[in-house]
Amino acid sequence: MSSSLIIIIALVVGGLSYYQATRFNAHITINDTKVGGLTAEQAIKKLKSTVLKNVVYVGKEKIFDGQDTKMGFTDQDLPGVEKILKSQWTFFPSSKAKNYSLLPSKDDQYRSQTMKKQVEEKLLSMNKKLKPPKDAEATLQDGRIVITKSANGKQYDVERLLKDYQKQEYKSEIHLKPIYIQPVKEDSPIVKKEQGMLQELLQRTVHYKVQDQVYSLKGSDLIKNASVSKDMKYRIDPAGIKNKIAEINDTQSTLNKAFTFKTHSGSVISVKGGSYGWAINVEKEAKRIQEAFENGTNMLPVKYVYGEGWNTYGVGYETTANYGIGYTYAEVSIKEQRIWLYKNGQLVFTTNVVTGRHNTNEDTPTGVWYIEYKESPSILKGSEVGNPNYSVKVNYWAPFTLGGVGFHDAGWRTNWASNAYLEHGSGGCVNTPADVMKTVYDNLSENEPVIVY
């Protein structure tokens, strides 16, 4: 071979090698932008002018079409292009197609933050109209633990799709593979935990104390329907608990019920009416019992009782003796026109009185009441038959009804006969002789029962 031919071949090979080293192969793209046949400088110039359409697909469905933006490349990204140029180099020209991904050195705020947030909002909005998955769960139904079946849905797993979004190559169209929220399966640890929690709930017992009675309330008896929330907390149907508290209330409360009472003479009577007594607030107590079952509380005394009249907290709740009246009380007999005051079961004072006028239906109301408060001196204002607007000063006043009936001295009264109340009685109060009223007043206490019969 002649030296001239060798030189020519060398020049051809050298030229080809130089061309290959300084230019991209024909079917090379960067971020889906064709750079085949371009030098690194020419490629960076083209990339700087390339527009991103910013379209997002989930599967084949286009869910987002953002604003067009430039790729954001600058001359500072030339080394990155040169690195790709070097990596794709082949000694002979290659027709092999390949796309390279290159991120600009300057962060694209729109693409990484604004657009990402908009895509997230779009996915969340779409999910509202898509069928959610149905989780399997352990539930208590009519006293039996049942595991419901799971079912697939069509809602997207937004968190995982956004992670895929962040990994996408830097190109105009972003294609995300559909990923759906998966339901909790029947054999999952979550369902097994729910099942165990419900079994434990049925085995719990709350000892509920009302006055001196303790009721052992069993979960298996009172809780027929329940489930466990996502944060592993009980959701109990309170119907059975409410019914039980209502039953206890009907059995043990005294408000608006007839009281059995043994009079000064030893006879046993039934006294109806009055404001004395207490009842359980069923709604509030049922909620407390429910929370006790949920929290595993073993002993729970009653907290919410109520009553009527001046005090609404339930006068008499602390009293269980003598049919709930106790042994300290005031006894008023309309027939005998007399009162008896007892302290701890012992008679401390008795006196004749005049009660409400009978022939005008102003009788002192019968029932079991309680002393609302005491006031000395006091001005009584009200009405009575023949005197619609009276105002009178008394030295001692101890009311036992909200209607203004109570014990007070009546210095103006001259008729103290045992039958005076029939036609000449008071406007409803228990008129007490002035010379003994202080003794009566001193032996009455706030919330003390007053039995009128």
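These exercises, each with a worked solution, concern the predicted model shown above.

Local features are reported at pLDDT of at least 70 and side-chain atom pairs at pLDDT 80 or more, while totals for chains, interfaces and linings use all residues. Residues are numbered from 1 along each chain as its sequence is written, and side-chain values use heavy atoms, with hydrogens and water left out.

**Exercise 1. Salt bridges within 4 Å**

Solution: 
- Step 1. A salt bridge is a side-chain nitrogen of Lys or Arg within 4 Å of a carboxyl oxygen of Asp or Glu. Side chains of opposite charge can pair when their charged atoms come close.
- Step 2. Buried means under 20% relative accessible area, exposed over 50%, and partly exposed in between (1.4 Å probe, protein chains only). Arg 204 has 18%, so Arg 204 counts as buried. Glu 200 has 39%, so Glu 200 is partly exposed.
- Step 3. Helices (H or I, at least four residues) and strands (E, at least two) are DSSP runs, numbered from the N terminus.
- Step 4. Glu 448 is buried because its relative accessibility is 4%. Lys 343, at 22%, is partly exposed.

**Exercise 2. A pair in a helix**

Task: State where Glu 247 and Lys 244 lie, and how many residues apart they are.

Solution: 
- Step 1. Both residues belong to helix H8 (residues 239–252).
- Step 2. They are 3 residues apart, about one turn of the helix.
- Step 3. The two form a salt bridge, with the closest N and O atoms 3.2 Å apart.
- Step 4. Glu 247 has a relative accessibility of 45% and is therefore partly exposed. Lys 244 is also partly exposed, at 23%.

**Exercise 3. The largest pocket**

Task: Describe the space in the largest pocket and the residues of its lining.

Solution: 
- Step 1. On a 1 Å grid over the protein atoms alone, a pocket is an open set of points where a 1.4 Å probe fits, with protein on both sides within 12 Å along at least five of seven lines; lining residues have an atom within 4 Å of a point.
- Step 2. The largest pocket holds about 290 Å³ of space. Among its 14 lining residues, Leu 103, Arg 111, Ser 112, Gln 166 and Tyr 170 are the closest to the centre.
- Step 3. Helix H4 (109–129) and helix H5 (158–167) each supply at least two lining residues, and H4 gives the largest share, 3 residues.
- Step 4. The lining divides into 5 nonpolar, 3 polar and 6 charged residues. Ala, Val, Leu, Ile, Met, Phe, Trp, Tyr, Cys and Pro count as nonpolar, Asp, Glu, Lys and Arg as charged, and the others, Gly among them, as polar.

**Exercise 4. Backbone angles**

Solution: 
- Step 1. The bond from Ser 376 to Pro 377 is cis, with omega near -10 degrees.
- Step 2. Pro 377 sits in the loop between strand E23 (367–370) and strand E24 (378–384).
- Step 3. Asn 54 has phi near 55 degrees, a positive value in a residue other than glycine.
- Step 4. At 0% relative accessibility, Asn 54 is buried.

Key:
Grid points are joined across faces, edges and corners, and a volume is the space filled by probe spheres set on the points.
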